[in-house]
Amino acid sequence: MSKAVVKFEFEKETKNSVRFKEMPEAGKAPIVGSIYVQKWFAQQNKNIEMTIELKE
């Protein structure tokens, strides 16, 4: 089983959501890219983390 913690920072706000861009570690390719999170959940946060776990 493999696990990764992906860090994102605020990119822009849309009508109902907030777009976050992935901040990959130096020398590594992005895993996810950009994600949209609903405003009611993201609130005013400028940085978020997501844990991705591969199930085999």
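**Figure 1. The largest pocket of the predicted model****.** In this predicted model, the largest pocket has a volume of about 200 Å³. Its lining is made up of Ala4, Val5, Val6, Lys7, Glu22, Met23, Pro24, Glu25, Lys28, Ala29, Pro30 and Ile31. Strand 1 (residues 3–13) gives the largest share of this lining, with four residues. Sorted by class, eight lining residues are nonpolar and four are charged, while no polar residue takes part.

**Figure 2. The chain as a whole****.** This view sets the other close-ups in context. One helix and four strands make up the secondary structure of the chain. The C-alpha trace spans about 35 × 25 × 15 Å along its principal axes. The chain has 56 residues, and 16% of them count as buried. Among contacts with a separation of 6 or more, 45% are between residues 24 or more positions apart.

**Figure 3. Lys46 and the ring of Phe10****.** Lys46 belongs to the loop that joins helix 1 (39–42) to strand 4 (47–53). The charged end of Lys46 is placed over the ring of Phe10, at 3.9 Å from the ring centre. Apart from neighbours within four places in sequence, Lys46 is in contact with Phe8, Glu9, Phe10 and Phe20. Glu11 is 35 residues away from Lys46 in sequence, but the two C-alpha atoms are 8.5 Å apart in space. Lys46 counts as partly exposed because its relative accessibility is 44%, a value in the range between the 20% limit for buried and the 50% limit for exposed.

**Figure 4. Gln43 and its positive phi****.** Gln43 is found in the loop between helix 1 and strand 4, the loop that also holds Lys46. The phi of Gln43 is positive, about 50 degrees, although Gln43 is not a glycine. Most residues other than glycine have a negative phi. Gln43 has a relative accessibility of 55% and therefore counts as exposed.

**Figure 5. The aromatic pair of Trp40 and Phe41****.** One aromatic pair is present in the structure. Trp40 and Phe41 form this pair, with 5.8 Å from centre to centre and 80 degrees between the planes of the rings. The arrangement is edge-to-face. Both Trp40 and Phe41 are exposed.

**Figure 6. Gln38 in strand 3****.** Gln38 lies in strand 3, which covers residues 34–38. When neighbours within four places in sequence are set aside, Asn16 and Ser17 are the residues in contact with Gln38. Arg19 is 19 residues from Gln38 along the chain, and the C-alpha atoms of the two are separated by 8.9 Å. Gln38 counts as partly exposed because its relative accessibility is 41%.

Definitions and conventions
Residues numbered from 1 in each chain as written. Predicted model: local features only at pLDDT ≥ 70, side-chain atom pairs only at ≥ 80, totals over all residues. Heavy atoms only, no water. Helix = DSSP H or I, 4+ residues; strand = E, 2+ residues; numbered from the N terminus. Buried < 20%, exposed > 50% of the residue type's maximum accessible area, 1.4 Å probe, protein only. Contact = heavy atoms within 4.5 Å. 1 Å grid on protein atoms, 1.4 Å probe; cavity = no way out; pocket = protein on both sides within 12 Å on 5 of 7 lines; lining within 4 Å. Points joined across faces, edges and corners; volume = space filled by probe spheres on them. Nonpolar A, V, L, I, M, F, W, Y, C, P; charged D, E, K, R; others polar. Phe/Tyr/Trp six-rings, centres within 6.5 Å; stacked < 30°, edge-to-face > 60°. Lys NZ or Arg CZ within 6 Å of the ring centre and 35° of its normal.
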